[in-house]
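Thanks for coming. Please look at the structure on the screen.

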Amino acid sequence: MKKLMLFLVAALFFNLAWAQEQQLIPFRNGNIWGATDKEKNEVIPFNYQEVSFFSDKYYKVKIEGKEGIMNGKGKYLLQPIYDLILPVNDTLFQVMKGGKTGLCTFGDKEILPIQYTKLRQFTDTPYFSAELNKKFGVVDIHGKELIKIDFDGVSHFQEDYFLIRRENQYMLVNKEFQSVSGEFYDDIAPLDDTYILTKRGKLWGCMRVTGEKLIPAQYERIKLLPEAGYFQVIRDQKYGLFDMTGKEVLAPAFEEEMHFFKGEYCWIEREGKWQMLNLKKDAFEPLPYTTVIDSLYGYVRVMKGDKMVLINRNMEEVAPARYYQVKPYNDQVHMVELEKKWGFITLDGEEVVAPQYDEIFDAREKGKKSYAMAMEFDRQWDMPTSRKQEEEEKIIDNEGVGKVANGNQWALVDSTGQALTEARYSNIGIVSRKHPLWMEVNGKYGALSQEGKQLVAPIYDGIEYKGLDQLFKIEKDGKVGLLDQNGKSVLLPQYSLFHWTTTRGRYLVGNEGKWGLINRKGETLIAMEYQRLFDMEGYLLGIKDGQATLFDSNGNVVISPKYTHIESMRDENREVVEGLFKVRQGYREGVVNTKGVEVVPAVYERVAYRNGLLEVFQNKNRGYYNTKGVKYFAE
């Protein structure tokens, strides 16, 4: 226990020491730079042209035009002898000197000699493209030359494989500089993690990434069919087939794409007739179908006389031959058509809704007029006002409620096709799986529940639902009001302007071009006197007579109207810095905190947040403030 306590104390001491080391702040005194701790005690002496953050651990120093790196204790990691230093990782640096570049670690130890014209690290790899005398090769972070500097170009292909280029020819090699492709090709491209495509002229072949050649470069296109276990090839617009070992199963002689089934069968058109091929026996058998229509959502649709049949991947008929059209609808039912009327059958073929509708809305067919009309309106339905607002799911399938039509009248149905309402609506918006749906009757809008219950009568010029607040925004005669999720009035229509905010129970409203803020009870939180009023990361920004005022969500003034612009402070990753706002007075910037205190006066050309400090720029000079307003530079 005593040893454990000593270890914990030591660890705590180390962490505190490291944290203290992290507090260095580059400090400018006139044109001379050093760095201090937060109490302004000198750590890096004041004799440099420039001191700046190199990373969150190290500092770049410059003297007589040369760069070096120091740690948080003011000790050199790299002497100031380089023209440029770039980070590779915490202990490795790319350096430039005299027009040449290489890799160094602490103590100026060269890992890769400073002799290359260019070094470029391949993304998310330990490898670099190295250039010397206009020739290229590959080196790694340990300084090892993997591919000799002898090629017109190199690129990272995948994992430990590279493409080398000589003139306009490519070869695939591994990191041991062993040829994988065996020879140069006009192009090499990945097919997946296991297979690659090789090109001769305009024709493609295929090999394994290990180098085993499978298909000669004789085809216009090669497609991998992993579930079937074959490659499909195209030559002269004819389809052929290779197995995964590279054996030609079918020479390119077929005009239509093949359909594969579990087991050893595929359907293929030959001489104008569809036949079934037993791939293991290499034997053709006739099909009892007059036409193969297409492959749709895991099924094959075929014609048996003048009726359509649906075939699953086990080569079983799942819809009886008594409908003119059959289409997969969802994982419970299929939609069927007979005498121009549509209905539903189960996946086993049992009719659950007799064909009686003129149309069944299919969310997967985005080209339909009914879909386009619905989506045109849906752009206004629960439209998010910021990234923080909860997002509606996109409806891309038929797994929830759907709609069917007779003539121009629509009804709501459940996922099995059973009617939830009568067909009496001009349109229904299938826009959500959990929130109410809009509906239209004779140009007026209301709302339905997911179960088909009328929540809001169709008497409004417009309607919109906000899931966060569980409220409807309704519009009538040019005025906006609010209803609760059961259709009861919350706020009578009285505003010509309205926007949701990201704070529940807070609404931007306006009349005659002036905006204010109210709560759910209709009480005024911000007077309706602003030309513009914005929701900004949970705050409200009001603009009046060219001056900006910042409010909290309760309407309390956070920053008084003395600036022309206010925005959220963001760090180097564009993330919001809590508690700070960038302000602007004319063309000058500063920083104010949430207490309204001016941390940085609005006198600088530019202000940025970096490494927990506020970096200011003025007349080509740079300096720092901390977030409490302490200044770390002197003119």
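Cys266 counts as buried, because its relative accessibility is 0% and the cut-off for buried is under 20%. Keep in mind that this is a predicted model, so the cut-off is applied to computed coordinates. Cys206 is buried as well, with a relative accessible area of 1%.

How many disulfides does the structure hold? The count is zero. For a disulfide, the two sulfur atoms would have to be within 2.5 Å. Seen from the other end, Cys266 is in no disulfide either, and its nearest cysteine sulfur is that of Cys206, at 19 Å.

Now the sheet. Three strands form an open sheet in the order E31-E32-E33, and the pairing is antiparallel. Which strands stand at the edges? They are E31, residues 291–296, and E33, residues 307–311. Each has a single partner strand, so one side of each has no neighbour in the sheet. From one strand to the next, the twist averages 25°.

A closer look at one pairing. E32 covers residues 299–304, and E31 pairs with E32 in the antiparallel sense over five bridges.

Definitions and conventions: Residues numbered from 1 in each chain as written. Predicted model: local features only at pLDDT ≥ 70, side-chain atom pairs only at ≥ 80, totals over all residues. Heavy atoms only, no water. Pairing = 2+ DSSP bridges. Helix = DSSP H or I, 4+ residues; strand = E, 2+ residues; numbered from the N terminus. Axes fitted to C-alpha atoms, helices over the stretch in contact; angles between N-to-C directions. Buried < 20%, exposed > 50% of the residue type's maximum accessible area, 1.4 Å probe, protein only.
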